Amino acid sequence: MKKKNLLIIIPARSGSKGLKNKNIRKLNSKPLIYYPIFTAKNIKEKNKEIFCSTDSKKIKKIAESYKIKVPFLRPKKISEDLSTDITFVNHALKEFSRQNLFFKIGLILRPTSPIRNVKNINKGYQIFKK
């Protein structure tokens, strides 16, 4: 059994109705999914797993181009407009448990909130750990 301190999930489903392909739309010449990946990589925790939860092969390919693991795709039935966070979180935890990988803390970083202060996230994470 492997244990890690932190699982960072970046949820990026396809099929947005309001703004087509919003998670891979460009902002300052980078796809939106780049911004939570950058933040996740800069969280001060050596024992972490960064994971993109997606139902899209295209999003998977982009995430992997930034060296993010996407070892499994999210089922379409839990990737719909009214699907809740708990469904993709439970799906990820179940899949990781099959790989005998478990986590103490979880964090969700959405592509649709690209402006984050990494310093504040690190500070909040340190407070939460204590």
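## Report on selected residues and the largest pocket

Asp-85 is found in helix H3; helices here are DSSP runs of H or I with at least four residues, strands are runs of E with at least two, and both are numbered from the N terminus. This is a predicted model, in which local features need pLDDT of at least 70 and side-chain atom pairs count only at pLDDT 80 or more, while totals for chains, interfaces and linings use all residues. Residues are numbered from 1 along each chain as its sequence is written, and side-chain values use heavy atoms, with hydrogens and water left out.

With a relative accessible area of 32%, Asp-85 is partly exposed (buried is under 20%, exposed over 50%, partly exposed in between, with a 1.4 Å probe and protein chains only). Leaving aside neighbours within four places in sequence, Asp-85 is in contact (heavy atoms within 4.5 Å) with Ile-108 and Arg-110. Pro-11 is 74 residues away along the chain, yet its C-alpha atom is separated from that of Asp-85 by 8.7 Å.

The largest pocket has a volume of about 270 Å³. Of its 19 lining residues, the closest to the centre are Pro-11, Arg-13, Lys-22, Arg-74 and Arg-110. Helix H3 (residues 85–98) gives the most to this lining, with 3 residues. A pocket is an open set of points on a 1 Å grid over the protein atoms alone, where a 1.4 Å probe fits, with protein on both sides within 12 Å along at least five of seven lines; lining residues have an atom within 4 Å of a point. The volume is the space filled by probe spheres set on the points, which are joined across faces, edges and corners.

Lys-48 belongs to strand S4 (residues 48–53). Lys-48 is buried but has no salt bridge, and Glu-45, the nearest side chain of opposite charge, is 8.1 Å away. A salt bridge requires a side-chain nitrogen of Lys or Arg within 4 Å of a carboxyl oxygen of Asp or Glu. Polar atoms of the Lys-48 side chain lie 2.7 Å from the backbone oxygen of Ala-40 and 3.3 Å from that of Lys-41.

| Residue | Phi | Relative accessible area |
|---|---|---|
| Asn-28 | about 55 degrees | 66%, exposed |
| Ser-29 | near 65 degrees | 60%, exposed |

Methods: Lys and Arg count as positive and Asp and Glu as negative; His and the chain ends are not counted. A polar contact is a pair of N or O atoms within 3.5 Å; within protein, one must be able to donate a hydrogen and the other to accept it, and residues adjacent in sequence count only if both atoms are side-chain atoms.
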